[in-house]
Amino acid sequence: MRVRGRCPSCGTDRLLPGRDAQGQPLCRDCAGITRDFFCSRCGFEGLLLGGRLCEHCTLSGRLTGILDDGTGRPNPRLLPLHNLLVGMDRPKGRLVWLNNPQVPALLRDLATGNIALTHEAIQQVPIWRTAAYLRDLLMECGVLPRQDRRLLLFQRWLAECLAATTDPVHEQLLRHFAHWHQLRKLQAKADVGPLSVSTVSRPPRPVPSSPGSPIEAAHRRR
């Protein structure tokens, strides 16, 4: 059902679900298949899912419902994301992605405004891997302004690291050092071109119970 090409019998370029005596793919007409495989919505000939819809139309319908902003229609700000996902090749991969319950839940929160459509709000989402991938898509379709993804991931890691530092004096020093030195340096490099993995490689997480170690590390880096 995923084999397409030119039928060797009639020369038509279409779905080739049949086989001849030698095992060569044939179109349904030449193979004598009576069932048709045309989508009831768009007319595309291919694999049909529920409601005799092709994978693209099934994906479009699911996204339309998930991105509903409460008015019965998709959030207008997220229509570029809808179009990007539906326009991608291999819609099966997008349908599998939507089967992860975290994904539609996050998309609904963005559509209804429970989570703001900003880098800062998405940065706070606990399921960071899902959020990071979705944020990449939102930047690709223009919903969010482009920022260096490695810089964004580093900022998230830094926030978690600072939150785990129990000594307020250490936390303040590390925060000042990270924001006024490390992040400024990384932002300057990101303005020139994409950051490499080595540029934002994470140092070992400081152990809060080791007195003075985070401060000494910060001073050494200065």
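How many helices and strands are there in the protein chain? The protein chain holds 10 helices and six strands; these are DSSP runs, numbered from the N terminus, with at least four residues of type H or I for a helix and at least two of type E for a strand. This is a predicted model, in which local features need pLDDT of at least 70 and side-chain atom pairs count only at pLDDT 80 or more, while totals for chains, interfaces and linings use all residues. Residues are numbered from 1 along each chain as its sequence is written, and side-chain values use heavy atoms, with hydrogens and water left out.

**Figure 1. The protein chain as a whole.** Of its 222 residues, 40% count as buried, where buried means under 20% relative accessible area, exposed means over 50%, and partly exposed lies in between (1.4 Å probe, protein chains only). The protein chain exposes about 12900 Å², of which carbon and sulfur atoms supply 53%; accessible areas come from the Shrake-Rupley method with a 1.4 Å probe, and for residues only the protein chains shown count as cover. Among contacts between residues at least 6 apart in sequence, 48% join residues at least 24 apart; a contact means heavy atoms within 4.5 Å.

**Figure 2. Helix 3 and its cover.** Helix 3 spans residues 79–87, and its buried residues are Leu81, His82, Leu84, Leu85 and Val86. The cover over these buried residues includes helix 2 (55–66), helix 4 (91–98), helix 5 and helix 7.

**Figure 3. The crossing of helix 3 and helix 7.** The axes of these two helices come within 9 Å and cross at roughly 100°. Axes are lines fitted to C-alpha atoms, for helices over the stretch in contact, and angles run from 0 to 180 degrees between N-to-C directions. Helix 3 and helix 7 are therefore roughly perpendicular to each other; angles of 65 to 115 degrees count as roughly perpendicular, under 35 as roughly parallel, over 145 as roughly antiparallel, and the rest as oblique. Leu81, Leu84 and Leu85 of helix 3 make the contact with Leu134, Leu137, Leu138 and Glu140 of helix 7. By class, this contact has six nonpolar, no polar and one charged residues. Ala, Val, Leu, Ile, Met, Phe, Trp, Tyr, Cys and Pro count as nonpolar, Asp, Glu, Lys and Arg as charged, and the others, Gly among them, as polar.

**Figure 4. The packing of helix 5 against helix 7.** Helix 5 (residues 102–112) packs on helix 7 (residues 128–140) at an angle of about 55°, and their axes are 11 Å apart. That angle makes helix 5 oblique to helix 7. On the helix 5 side, Gln102, Val103, Leu106, Leu107 and Leu110 meet Thr130, Ala131, Leu134 and Leu138 of helix 7.

**Figure 5. Two arginines with positive phi.** Most residues other than glycine have a negative phi. Arg52, which is not a glycine, has a positive phi of about 55° and is found in the loop between strand 5 (48–49) and strand 6 (53–54). Its relative accessibility is 34%, so Arg52 counts as partly exposed. Arg90 also has a positive phi, near 55°, and its place is in the loop between helix 3 and helix 4. Arg90 counts as exposed because its relative accessibility is 72%.

**Figure 6. The loop that holds Gly142.** Gly142 is found between helix 7 and helix 8 (149–163). With 54% relative accessibility, Gly142 counts as exposed. The C-alpha atoms of Gly142 and Leu78 are separated by 9.7 Å, although these residues are 64 residues apart along the chain.
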